[in-house]
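Please open the model in a viewer and follow the stops below in order. Each stop names a selection and then describes what is found there.

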Amino acid sequence: MIKSLLLTAAIMGSSTLFSQKLSSVSYQDGTQKLNGLVTSNAGKKLPAVLILPAWKGIDEEAKTAALKLEKAGYIAFIADIYGEGNYPKDNAEAGKTAGYYKQNYEAYQKRIALALEQLKKSGALPDKIAVIGYCFGGTGALEVARANMQVVGTVSIHGGLGKDSARKNGPISTKILVENGADDEGVTQENYNALVAEMKEGKADWQIITYANSKHTFTNPESPDYNPVMARRAWEHTMMFLNEILK
């Protein structure tokens with residue numbers, strides 16, 4: 001009986017979530033067309049969240065996050081970093097394309113800044129904006145903080161933590177939450193230590209939460225590394241952080 005009630009509740013929750021819709025928004029970086037997605041509450045004056053997707057571009061995890069954020073009272077906009085005609089077809093292409101933007105971080109920051117402008121045009125309160133990112137997008141969330149973009153906070157969800165050692169550390173005004181899988185092979189102890197040093201030197205308001213038994217894509221239900229318990233905790237930590245800084 002209890003299992004039946006829980007299943008019914010889960011189905012009803014899922015139905016409510018996906019009755020919401022995301023609308024396509026086209027914008028430009030010079031001659032490059034970009035195609036983002038925005039929640040149906042666009043146009044209202046609300047706190048807002050920019051979502052930076054993983055290395056293959058806009059995916060179901062980003063879309064689900066946007067709909068959940070809308071339900072929580074936020075406008076959400078999913079950025080298109082790569083642009084029309086440049087979406088990776090497989091992991092090899094994704095690694096190459098994401099690698100380009102990691103190396104050319106100023107180009108990555110520019111694409112993020114353009115998406116933030118679209119979010120503001122969608123009704124976001126300019127002093128109540130945060131950024132969350134998954135995987136490659138988690139790296140982007142840290143780049144937002146490093147560039148001191150005009151956002152209140154950023155959440156890096158199993159993102160790459162490292163940066164080129166030739167880049168100097170600077171002051172960081174953005175609040176930062178890093179959600180890191182304990183078994184993420186893409187994050188070395190050197191990366192971790194360097195990020196901690198960077199946050200300290202920048203006098204940032206920062207925190208890192210490390211999730212046990214969690215590999216790189218532990219929050220993604222489509223990944224073999226999905227850890228539902230830790231994914232739920234990570235989302236709750238994300239929402240707690242956003243509610244603190246945006247409401």
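**First stop: a buried asparagine**

Select asparagine 220, which is buried, with a relative accessible area of 14% (buried means under 20% relative accessible area, with a 1.4 Å probe and protein chains only). This is a predicted model, in which local features need pLDDT of at least 70 and side-chain atom pairs count only at pLDDT 80 or more, while totals for chains, interfaces and linings use all residues. Residues are numbered from 1 along each chain as its sequence is written, and side-chain values use heavy atoms, with hydrogens and water left out.

Asparagine 220 sits in the loop between strand 8 and helix 7 (helices are DSSP runs of H or I with at least four residues, strands runs of E with at least two, numbered from the N terminus). A polar atom of its side chain lies 3.0 Å from the backbone nitrogen of glutamate 222. Leaving aside residues up to four places away in sequence, asparagine 220 touches Glu61 and Tyr226 (contact means heavy atoms within 4.5 Å).

**Second stop: helix 7**

Next, select residues 228-246, the 19 residues of helix 7. Among its buried residues are Trp235, Phe241 and Leu242. The buried residues of helix 7 pack against elements including helix 2 (60-71) and strand 5 (124-134).

Finally, select residues 91-103 and 105-121, helix 3 and helix 4, whose axes are 4 Å apart. At an angle of about 100 degrees, they are roughly perpendicular to each other (65 to 115 degrees). Tyr101, Lys102 and Gln103 in helix 3 meet residues of helix 4, including Tyr105 and Arg111.

Notes: Expected span 1.5 Å × (residues − 1). Buried < 20%, exposed > 50% of the residue type's maximum accessible area, 1.4 Å probe, protein only. Polar contact = N/O pair within 3.5 Å; in protein donor to acceptor, adjacent residues only side chain to side chain. Axes fitted to C-alpha atoms, helices over the stretch in contact; angles between N-to-C directions. Parallel < 35°, antiparallel > 145°, perpendicular 65-115°, else oblique.
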